[in-house]
2 protein chains.
Amino acid sequence: MGLTKTEIFSTEQNQLATLLKALAHPARIAILQRILASNTCICGDLVEELGLAQATISQHLKELKNAGIIQGTIEGVSVCYCINPVTWKLIETQMGAFLGAYKQEADCC
Amino acid sequence: MGLTKTEIFSTEQNQLATLLKALAHPARIAILQRILASNTCICGDLVEELGLAQATISQHLKELKNAGIIQGTIEGVSVCYCINPVTWKLIETQMGAFLGAYKQEADCC
DNA sequence: TTTATATATCGTAATATTGCAATACATAGT
DNA sequence: ACTATGTATTGCAATATTACGATATATAAA
């Protein structure tokens, strides 16, 4: 146990859950907001700006990369990260469909 | 360690992360989709339809309830669950702002 | 009151996540 | 080659999550 039973759910359910899990940490939200705010690559900077150790931030960046949410390019000594537009669009689409499925009708509870 | 450093992030970052975390499991997405599909309360039913033990589903329902995403009303022997419209709206707003902050400009990476 | 049914809680095992120090790696400049 | 700088990886401790059997609780029906 302690292992999610992915096999009993649909591919879309698992995919959306995986994407949301990658977003579901304040440090990763902060990292993404920092990238979004600059509207371009972010090279370095992140370690000084967030109050976390360099190893911790590198780990969060790796998770975002693994989920396909960001992509990195080596730029000399440092690495530049930016949003992966394809995955971002996917999140918007899947999340939009999920959230939009709620039609607020008569209150029942 | 093993404990998220919530104190170094903003209230909004922590709130969004908490809400997304509650959604970030295929079983909980499936539960919510089941409620959304019926467009009304769901009383019972969930245990037979998902392939998880009753205790496990009850635990997932509790997490969704704790996050304020669903609300339950005792209806005789069973309990009826439905979407909490306030929280659902909050998720839509916060997530919309977060995702909408991405303006796809020139590719840099 | 007893029984049946539905849901919640407890306890526990397996696994995952978070955070960081230490260290490795990789590139730029000297 | 050596050094400095930025990032990744490793190893580990603390904590959280997932799943479920067993059991408790609560209401309805007999």
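Where in chain A is A:A67 found?

## A residue between two elements

In this predicted model, A:A67 is found in the loop that runs between α4 (54–66) and β2 (70–75) of chain A. Although A:A67 and A:T18 are 49 residues apart in sequence, their C-alpha atoms are 7.5 Å apart in space. When the neighbours within four places in sequence are left aside, the residues in contact with A:A67 are A:L19, A:A22 and A:T87.

## How the two chains meet

The size of an interface is often given as the accessible area lost when the parts come together. For chain B and chain A, the area buried between them is about 4100 Å², and 74% of it lies on carbon and sulfur atoms. The elements of chain B that each give two or more residues to the side touching chain A are the helices α1 (11–23), α2 (26–38) and α5 (85–100), together with the strands β2 (70–75) and β3 (78–83). Sorted by class, that side of chain B has 30 nonpolar, 11 polar and 6 charged residues.

Counted by residues, 47 residues of chain B are in contact with 48 residues of chain A. Between chain B and chain A there are 0 salt bridges, while 6 residue pairs are in polar contact, with both residues at pLDDT 80 or more.

## How the copies are related

Two copies of a chain are related by a rotation about an axis and a shift along it.

## Aromatic pairs

Over all chains, a search of the whole structure finds 4 aromatic pairs. One of these pairs is formed by A:W88 and B:F98, and it is tilted, with 5.5 Å from centre to centre and 50 degrees between the planes. This pair crosses between chains, since A:W88 belongs to helix α5 (residues 85–100) of chain A and B:F98 to helix α5 of chain B.

## Salt bridges

Side chains of opposite charge can pair when their charged atoms come close. The whole structure holds 6 salt bridges over all chains. One salt bridge joins A:D45 and A:R34, whose closest N and O atoms are 3.8 Å apart. This pair links distant parts of the chain, 11 residues apart: A:D45 is in the loop between β1 (42–43) and α3 (46–49) of chain A, whereas A:R34 is in helix α2 (residues 26–38) of chain A.

Conventions:
Residues numbered from 1 in each chain as written. Chains lettered and ligands numbered in written order. Predicted model: local features only at pLDDT ≥ 70, side-chain atom pairs only at ≥ 80, totals over all residues. Heavy atoms only, no water. Contact = heavy atoms within 4.5 Å. Buried area = accessible area lost by both parts, 1.4 Å probe. Salt bridge = Lys/Arg side-chain N within 4 Å of Asp/Glu carboxyl O. Polar contact = N/O pair within 3.5 Å; in protein donor to acceptor, adjacent residues only side chain to side chain. Helix = DSSP H or I, 4+ residues; strand = E, 2+ residues; numbered from the N terminus. Nonpolar A, V, L, I, M, F, W, Y, C, P; charged D, E, K, R; others polar. Phe/Tyr/Trp six-rings, centres within 6.5 Å; stacked < 30°, edge-to-face > 60°.
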